[in-house]
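These are my notebook entries on one structure, taken in the order in which I looked things up. I wanted to know how the chains are built and where they meet.

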Amino acid sequence: MEATFDSLLLGFSVALRPDVLLYAFMGCLVGTLVGMLPGIGPLAGISILLPVTFGLDATKAIVMLAGIYYGSQYGGSTTSILMRIPGEAASVMTCIDGYAMTQKGRGGAALCIAAVGSFVAGTFGVIMLTLVAPPLGTFALGFGPPEFTALLVLGLVFLAYMSATSLVRTLLMASIGLLLGMVGIDVMTGHFRWAFDIPELGDGLGIVPVAVGLFGLGEILSTPSRSVTTKVVSPKLSELLPNRAEWRAAAAPIGRGSVLGFVIGIVPGSAHIISSFLSYALERRLSKTPEEFGKGAVAGVAGPESANNAASTGAFVPMLALGLPTGPVTAVLMAALLIHGIPPGPQLVTEHPDVFWGFVASMYVGNVMLLALNLPLVGLFVSVLRIPYSYLYPLIVMFCIVGVYEVNHSIVDVWIMLAMGVFGWVLRKFDFDPAPLVLGLVIAPILEMSLRQSLVMSNGHWGIFVQRPIAAVLIAICAGLLVLSAVSMLRRRNDWRARLAAEEAGDAA
Amino acid sequence: MSNPGQIDRRSLMVGAAVSATALSLGPGSGPALAEDYPTRAITVINPFPPGGAADVVARPFAAVVEPIIKQPMVIETKAGAAGAVGGQFAANAKPDGYTLLMHIVSISGFAEVDRLFGRKPKFTRDDFIPVARLIADPCVLVVNDKQPYKTLQEFIDDAKKRPNELIFSSSGLYGALHLPMALFLKAAGLQVRHLPTAGGGPAVTALIGNNAQALVSSIAAASGQMKAGRVRPLASFGATRAPSLPDVPTMKELGFDLEYYLWVGLFAPKGTPEPIVTKLRDVTREAVKTEAFEKAMKNIGQDVAYQDQAEFKAFWDVDARRIEDAVRSIGKVEG
Amino acid sequence: MKVRRDVVAGLAVLAGGAALWASSGDLPVGSLAMPGAGMMPMIAIALVMVFGAVLVFRGTAGPRLAADHWSDADHALRVIVATAVATFLYTRLGFLITMSLLLFGLVGLVERRRVLPAALFSLGVALATWLLFGMVLKAPLPPAPVWS
C-alpha cells in the first residue's frame with residue numbers, strides 16, 4: 001500500500017507539471033465539446049487531436065487523449081437534459097428525468113447535478129483504479145459468456161422497475177427492442193435477418209438513430225408549439241444551482257451509481273452500456289417515491305450519470321491490468337502507446353511506472369478540471385432555453401438530423417431516426433414508454449451472443465448457468481428479486497405498481 | 001476473376017462513370033478532385049472488436065498516415081459474424097476513397113461460406129480493390145498457462161483422452177482463427193468444442209479467462225499475453241519458425257502438413273477512382289516505411305510484410321483459393 | 001362496440017409479430033448445443049406476441065381510443081413532412097441549403113413567424129453550425145453541389 005502511495009506521488013509530480021497540465025486541459029476542452037454535440041463522440045475527438053500528439057512524449061499524449069475520453073462523458077448529458085436528444089446510449093436514461101427537470105425549470109440544477117455526479121464517480125473510479133486494478137482485472141476475466149448472460153438477465157429483471165408504465169407494457173416494449181436489435185447480419189452465423197435487401201441494415205439498427213428518434217424527435221412531434229409557454233422553460237439565473245433538497249436527494253444515488261458503474265465497467269465486453277439503465281432501475285427500486293421518476297426525479301439524473309462515468313473509468317482496468325482493450329476508446333489509447341514504443345500489457349505498470357502513474361494522477365487532475373470547466377458553462381447552456389420554442393424546436397430537428405448523420409455518414413440512419421420519431425409519437429399516444437425498448441435494443445446483440453456461446457460451451461446444457469460461481473450468484477440475485485416482487489404483488493399493499501394496474505384496468509384514464 | 005487486368009479495367013470504367021455522375025451534379029461533390037484527395041477525414045472500417053490483428057495494425061497505421069495526408073484517419077469498429085458485418089458495410093460504402101477497409105485473410109472465405117449454406121453472397125472478392133498488404137505472419141497455436149501442456153503432443157494426447165471436453169475459442173464461425181484450428185483438429189483427428197467470439201481480441205480474452213483452453217491466434221493479437229506468460233505458444237503455422245518466436249516449432253516440424261498465414265491488408269470498395277487508389281498506394285508505401293510504424297509492429301511481434309497492389313493482388317488470388325478449399329474441407333458446421 | 005386503446009395496440013402488435021414470424025421462416029433454428037440464427041428471433045417474436053395478447057385481453061376494459069387525444073396530429077404531420085423533405089434533400093443539396101430551408105420552413109411557414117427574422121435566423125444558424133462542424137470539428141457535412 002505504501003508503495004502504491006509513493007508511486008502515486010511520482011504520478012502527481014508528473015501530472016502537475018505545467019506542460020502536462022496544459023495538454024490535459026486541451027484534452028478536457030475538446031472532449032467536452034465533442035461530447036456535447038450529438039453524433040460526434042470521443043472517438044472523433046481523439047482522432048482529431050491524435051496528429052497533435054505525434055511530437056509529444058508518451059505521457060503527455062496519453063494524458064491528453066484520456067482527457068478527451070472522460071471529457072466527452074461529462075458533455076454527453078447536456079443535450080439529453082436540455083433538448084431530450086441522447087447523444088449516445090449511456091445518456092438515454094438521463095433524457096427522461098433530466099428533460100422533465102428542465103420542463104419544471106430545473107434544467108440548470110440537473111446539469112449541475114450531472115456534472116458533480118460525474119466528478120464524484122470519476123474520482124471514485126480513479127481511486128479504485130489506483131488501489132485495486134490488478135486483482136480486479138483478474139476477477140473480471142472470470143466473466144465468460146455464462147456470467148455475461150446472467151448479468152444481462154439481471155438487467156432484464158431490473159427492467160420491471162425501470163418504467164412508470166405497467167409491467168406488461170414495459171416487457172412488451174423491451175421485447176420489441178430485442179426484436180429490433182436482431183435486424184441485420186447474425187453475428188455468429190452470418191445469416192441476414194430482416195434486412196429486406198437494404199445493405200445498410202447489415203450492421204443492424206444503430207442505437208443513436210433509434211434513441212434520437214424515439215426521444216428527441218418523438219418529443220417534438222407530441223409537443224405542438226401552442227401548448228408551450230416559454231416562461232416554463234427559461235429559468236432565472238439565480239435558479240441555476242440545485243437547492244438543498246435536491247443535493248440531499250442526489251447524494252445517495254451518486255454514491256450507489258459510482259460503485260455500480262465501476263463494477264460493471266471492469267467487465268471486458270460491452271456491458272458498460274447497461275450501467276446507466278441498471279442504476280436508474282436500482283434508484284427507482286430503492287426510492288420512497290418511485291412515482292416521481294419520469295417527472296423530474298433528481299435521483300433519476302444523479303444515479304445514471306454517475307454510473308455512466310464510473311463505468312468508463314472502470315473500462316481502463318482490463319486495459320491497464322491485463323493489456324486487453326475493452327472498447328474502441330481504450331483501443332485508441334493502446335495504439336497511442338504502441339506508436340510511442342510502449343507495448344501495453346500486464347508489464348506496463350512495472351516497466352513504465354511514470355506513464356502509468358502519470359496517467360492515473362492526470363485523471364484525478366482532469367476530473368477537477370472538468371468540474372471547473374463545466375459548472376460555469378451551465379449558465380451558458382441553459383440560456384439556450386431562452387430561445388422561444390417556435391425557434392428552438394426547428395433547431396432541435398436540425399440537430400437530430402445532423403447528429404444522426406454524423407455518426408455513420410449514412411442517410412439511411414436519418415430515415416431510421418425519422419421512422420422512430422413517428423413510432424415514438426404513436427407509442428406515446430398509446431401510453432407506452434420507449435426507454436425499455438432502447439434497453440432491449442442495446443442488450444439484444446450481447447445477450448444473444450453470450451447466450452448462444454454459453455450453450456455452445458456447455459453442449460446445450462442449461463446447467464452451465466448455475467455451475468459457475470459468479471453466474472450462480474447473479475442468477476440467485478435474479479431469483480431473489482423475482483420472489484420479492486412476487487411477494488409484494490401478492491400483498492398489493494401500498495404498491496404503486498398495483499395502483500397503476502388498477503387504474504389501467506378501470507376506466508380511470 | 002484471377003485476371004488482374006480485367007479488374008483494373010473495370011474499376012477504371014466504374015470510376016469514370018462515378019466521376020461523370022459527380023460532374024453532372026456539379027463540381028466538388030465527389031471524387032472528381034482526386035489531386036486534392038483527401039480533403040477530409042478518411043474512415044477505415046475495422047470489422048473486428050478491439051484487440052484483433054486488423055485493429056492493432058490499423059491504429060498505428062492510421063497514426064503514421066495522418067501526418068502524411070494531413071487529415072485524420074478514423075478507425076471505425078463494425079464487428080460481427082467473423083468480419084462479415086464490416087466487410088458488407090465497406091462493400092456498400094460510397095467508393096469515394098473516404099471509406100476503406102482493413103481486413104484479414106478471412107475476407108476470401110465469406111462468399112464460399114454463403115454458397116455452402118445456399119445463401120446469396122453478401123459480398124465477393126470482386127467487391128474490393130486491394131490496395132496493399134501490411135503484415136503477414138504465421139498463426140500460432142497457444143494454450144492457457146493454467147493448462148499443463150508444454151508441447152503440442154501433450155495437448156493432442158489430453159484432447160484424445162477427453163473428446164468434446166476441451167474448448168477452443170476463435171474469431172467466429174469460418175473466421176480467420178477458426179479455419180487453421182479446424183484444419184489442425186481434422187489432421188490430428190481430435191474432437192474439441194468450439195467457442196466462436198466476435199474477433200481475435202475477444203478470442204484471446206476468452207483464452208486467458210480460461211473459458212477456452214486453446215486458440216490459434218495471430219502473433220499480433222497474442223504477443224502481449226505471450227510475453228507476460230499468460231498464454232503459452234505450442235506450434236506455429238509457418239513454413240519456417242517465426243522470427244519473433246524462434247523457440248516455437250512449426251506444424252511441419254511436428255508432422256502436420258499445415259501452413260496458414262494471417263495477413264492484414266487495406267482495401268477500397270469497388271469503383272473507387274483509379275487516381276485515388278494510386279494516391280492511397282503512395283501514401284501506404286510511405287507510411288509503412290516510417291520508423292514509428294516499424295517500431296509499433298515490432299512491439300506486437302510482427303515484421304512489416306508490405307506488398308503493393310500488383311504483388312498483393314497476385315498473392316491474394318493464390319491465397320483465396322487455399323481459403324476456399326479450407327472452407328469446403330471443413331464443410332457445413334451446424335447452425 | 002367501443003374501440004379500446006389497448007385492444008388496438010395489442011392487435012397491432014399481434015399482427016406485426018405474425019408478419020415477422022412469416023418472414024423469418026427460412027432462418028435456421030439450430031439445436032440447443034449449436035443455436036442457429038433463428039433461435040433468438042423466434043423467442044423474441046413469441047414474447048412480443050404473448051405480451052400483445054395480454055394487452056388485448058386486459059384492454060377490453062381499458063380506456064377508449066379518444067379522438068381529442070390526437071389534436072396535435074396536424075402539427076406533428078407538418079414536422080414529419082418537413083423532416084422527410086430535409087432528409088431527402090440533405091445529401092443532394094448539401095448541409096447549408098437544406099438546413100436553411102428546413103429551419104425557414106419550420107419557423108416561417110409552420111410557425112408563421114415574421115418572414116425577415118425567420119430568414120435571418122435560418123441562414124445564420126445554418127452557417128454557424130456549418131462553420132462549427134466543418135472548421136472547428138473537422139466533421140464533414142454533406143457539401144453543397146453549387147459551391148465549395
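This is a predicted model: local features need pLDDT of at least 70, side-chain atom pairs count only at pLDDT 80 or more; totals for chains, interfaces and linings use all residues.

**Entry 1: chain C**

I began with burial in chain C and noted that 36% of its 148 residues are buried. I then looked up the secondary structure of chain C and found five helices and zero strands. Along the sequence the pattern reads α-α-α-α-α. I also checked the sequence range of its contacts: of those between residues at least 6 apart in sequence, 60% link residues at least 24 apart.

**Entry 2: where chain C meets chain A**

I asked how many residues of chain C are in contact with chain A. The count is 53 residues of chain C against 50 residues of chain A. On the chain C side, helix 1 (5-23), helix 2 (39-59), helix 3 (73-93), helix 4 (95-110) and helix 5 (115-136) each give two or more residues. Helix 2 of chain C has the largest share, with eleven residues. I sorted this side of chain C by class and recorded 35 nonpolar, twelve polar and six charged residues.

**Entry 3: confidence in chain A**

I looked up the pLDDT of chain A, which averages 80, with 85% of the residues scoring at least 70. Within chain A, helix 11 (residues 230-233) has the lowest confidence, at a mean of 49. The highest value in chain A belongs to helix 20 (residues 411-429), at 92.

**Entry 4: where chain B meets chain A**

I turned next to the contact between chain B and chain A, to which chain B brings 45 residues and chain A brings 43 residues. Several elements of chain B supply at least two residues each, among them helix 2 (53-69), strand 2 (73-77), helix 3 (84-91) and strand 7 (193-196). Helix 7 (200-208), helix 8 (219-227) and helix 10 (291-299) of chain B are also included. Helix 2 of chain B gives the most, with six residues. By class I noted 24 nonpolar, 14 polar and seven charged residues on this side of chain B.

**Entry 5: helix 2 against helix 10 in chain B**

Two of the contributing helices also meet each other, and I examined that pair. The axes of helix 2 and helix 10 of chain B come within 9 Å and cross at roughly 170°. Angles over 145 degrees count as roughly antiparallel, and helix 2 and helix 10 of chain B are therefore roughly antiparallel to each other. I listed the residues that meet: B:Pro60, B:Phe61 and B:Val64 from helix 2, and B:Ala292, B:Phe293 and B:Ala296 from helix 10. The contact has six nonpolar, no polar and no charged residues.

**Entry 6: the six-stranded sheet of chain B**

I traced an open sheet of six strands in chain B, in the order 2-1-3-10-4-11 and with mixed pairing. Strand 2 and strand 11 (307-308) stand at its edges with a single partner strand each, so one side of each has no neighbour in the sheet.

Is strand 10 of chain B mostly covered or mostly open? I found it mostly covered: nine of the nine residues of strand 10 (residues 261-269) are buried. On one side these are B:Tyr261, B:Trp263, B:Gly265, B:Phe267 and B:Pro269, and on the other B:Leu262, B:Val264, B:Leu266 and B:Ala268.

I then checked the partners of strand 10. Strand 3 (residues 99-104) of chain B pairs with strand 10 in the antiparallel sense over four bridges, and B:His103 stands opposite B:Gly265. Strand 4 (residues 128-138) of chain B also runs antiparallel to strand 10, joined by nine bridges. Here B:Phe128 stands opposite B:Pro269, and B:Pro138 has B:Tyr261 as its bridge partner.

**Entry 7: the five-stranded sheet of chain B**

I traced another open sheet in chain B, with five strands in the order 7-6-8-5-9 and mixed pairing. Its edge strands, strand 7 and strand 9 (231-236), each pair on one side only. The twist from one strand to the next averages 30°. Strand 5 (residues 140-144) and strand 8 (residues 214-217) of chain B run antiparallel and share four bridges; B:Val140 is partnered with B:Ser217.

Finally, I looked up which helices lie across these strands. Helix 5 (residues 152-161) of chain B lies across strand 5, strand 8 and strand 9 of chain B, at about 100° to strand 9. Helix 21 (residues 434-457) of chain A lies across strand 6 (167-170) and strand 7 of chain B, running at about 170° to strand 7.

Note on methods
Residues are numbered from 1 along each chain as its sequence is written. Chains are lettered from A and ligands numbered from 1 in the order in which they are written. A residue is buried if 20 or more other C-beta atoms lie within 10 Å of its own, exposed if 12 or fewer, and partly exposed in between; C-beta atoms are placed from the backbone. Two strands pair if DSSP finds at least two bridges between them. pLDDT is the predictor's confidence in each residue, from 0 to 100. Two residues are in contact if their C-beta atoms, placed from the backbone, lie within 7 Å. Ala, Val, Leu, Ile, Met, Phe, Trp, Tyr, Cys and Pro count as nonpolar, Asp, Glu, Lys and Arg as charged, and the others, Gly among them, as polar. Axes are lines fitted to C-alpha atoms, for helices over the stretch in contact, and angles run from 0 to 180 degrees between N-to-C directions. Angles under 35 degrees count as roughly parallel, over 145 as roughly antiparallel, 65 to 115 as roughly perpendicular and the rest as oblique.
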